[in-house]
Amino acid sequence: MIIDNKYTIPYTIPSVYIDGKCRCTALAFVSLAQEMAALHYSSAGLSIPHLQQMDLTWVISKQHFEIYEYPLWLDEMILKTWAQPSKGLMCLRDFEYTYAKGGKKTSIDAAFAEKKEDSQSCAPPRLESESGAKACMRATSCWLILNSKTGRLVKPDEKTMGGLTFNDEHMEGDVLIKIELCENWDIEEHFSPTLLDIDLNSHVNNLNYVRWILSFMSASFCRGKLLRVLDTNFMSSAVYGEKLICRCKQIDEATCIHSIVREADGSDVFRARTEWADEKELSRELQVMA
């Protein structure tokens, strides 16, 4: 549904998107953003299959995520995304996740009980946010349109963006940063993308870069922490079977720099910066009735 030129849907946190403490995972936040962008673009006839008919496709350039609270399994959310008017080649898009009214469950038992009641009564999805509730997550991103035959970027025009509505709201500050690389690294893992990592463009799906950098980290550093800020720079596309190196450097008590490069020539594929906080600051404990 489009509300105030924002694509808006209800969403219940599923079991496939939770960690060992029943919290929504950081990768889930990023995955949902990609899905929301795809749904909004598709609603305006701008999905990748639509663009491919014109020898065009979407590619993502940069992202910035700020996570303020991790919802739990079966919490009910309102997810929103919206596009801003393009700036040159850049198509800017923001995201916001909030709790639905009554969406923050008091216990897992209460959540299951409500789920049962809703299924029996065929209750409509909740699209009203909790009164006065702050966002669980805000994010912004920059997308580009690529000519798949020439490899050149294409400036958005009426033909490629005509069906999309816009909202000028945007995260404050210079949030789409350029990430500088480190001179040395704490962790270097060698690996290759598999068939399951490939997307509609026959390249590695951008979610897998985030999954890799969050996988190849120090377990002791991550213990008791949750991701609070994620910045990503997509430098070039990796393909199936290519030999890659995922690198990580802890630069202070809460921050790491990440890089993925090609093993053959060291060329840049992906860069990221992660900032972490005590899990108690960002999440509540799952309550189970005795």
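Start with arginine 23 and glutamate 279: they form a salt bridge, with the closest N and O atoms 2.9 Å apart. A salt bridge here is a side-chain nitrogen of Lys or Arg within 4 Å of a carboxyl oxygen of Asp or Glu. Arginine 23 sits in the loop between β2 (6-12) and α1, and glutamate 279 in helix α7 (residues 279-282), so the pair ties together parts that are 256 residues apart in sequence. Helices (H or I, at least four residues) and strands (E, at least two) are DSSP runs, numbered from the N terminus. Both arginine 23 and glutamate 279 are buried. Buried means under 20% relative accessible area, exposed over 50%, and partly exposed in between (1.4 Å probe, protein chains only).

The model is predicted: local features need pLDDT of at least 70, side-chain atom pairs count only at pLDDT 80 or more, and totals for chains, interfaces and linings use all residues. Residues are numbered from 1 along each chain as its sequence is written, and side-chain values use heavy atoms, with hydrogens and water left out.

**Stop 1: around arginine 23**

Aspartate 19 is partly exposed, at 24% relative accessible area. Arginine 23 has 8% and counts as buried.

Lysine 21 is partly exposed, at 47% relative accessibility. Its side chain makes a polar contact with the side chain of glutamate 279 (3.0 Å). A polar contact is a pair of N or O atoms within 3.5 Å; within protein, one must be able to donate a hydrogen and the other to accept it, and residues adjacent in sequence count only if both atoms are side-chain atoms. Leaving out residues up to four places away in sequence, lysine 21 touches Leu72, Glu279 and Leu286. Contact means heavy atoms within 4.5 Å.

**Stop 2: lysine 105 and glutamate 76**

Select lysine 105 and glutamate 76. The two form a salt bridge, with closest N and O atoms 3.6 Å apart. Lysine 105 lies in the loop between β5 (91-99) and α3 (108-121), and glutamate 76 in strand β4 (residues 76-83), so this pair ties together parts that are 29 residues apart in sequence. Lysine 105 is buried, with a relative accessible area of 6%. Glutamate 76, at 11%, also counts as buried. Back at the previous stop, salt bridges that share partners join Asp19, Lys21, Arg23 and Glu279 into one network. The count of salt bridges comes to 17.

**Stop 3: the nonpolar core**

Next, select Trp58, Tyr97, Tyr209, Ile260 and Phe270. Of the 66 residues in the largest nonpolar core, these touch the most other members. Helix α1 (residues 26-43) gives the largest share of this core, 9 residues. A nonpolar core is a set of buried Ala, Val, Leu, Ile, Met, Phe, Trp, Tyr and Cys residues joined through side-chain atoms within 4.5 Å. Another core, of 6 residues, lies apart from it; among them are Leu92, Leu144, Val175 and Leu176.

Show what surrounds phenylalanine 270. Beyond its neighbours within four places in sequence, its contacts include Tyr209, Val210, Ile213, Phe234, Met235, His258 and Ile260.

**Stop 4: the largest pocket**

The largest pocket holds about 850 Å³ of space. Of the 37 residues that line it, the closest to its centre are Trp58, Val59, Ile60, Asp199 and Asn201. The elements that give two or more residues to the lining are α1, α2 (48-52), β3 (56-67), β6 (137-147) and α5 (206-215). The largest share, 8 residues, comes from α1. On a 1 Å grid over the protein atoms alone, a pocket is an open set of points where a 1.4 Å probe fits, with protein on both sides within 12 Å along at least five of seven lines; lining residues have an atom within 4 Å of a point. Points are joined across faces, edges and corners, and the volume is the space filled by probe spheres set on them.

**Stop 5: asparagine 147**

Go to asparagine 147, in strand β6. At 18% relative accessibility, asparagine 147 counts as buried. Its side chain reaches the backbone nitrogen of threonine 150 at 3.0 Å.

**Stop 6: helix α5**

Finish on α5, where 7 of 10 residues are buried. Among them are Tyr209, Val210, Trp212 and Ile213. Asparagine 205 caps the N-terminal end of α5, with a side-chain oxygen 2.9 Å from the backbone nitrogen of leucine 207.
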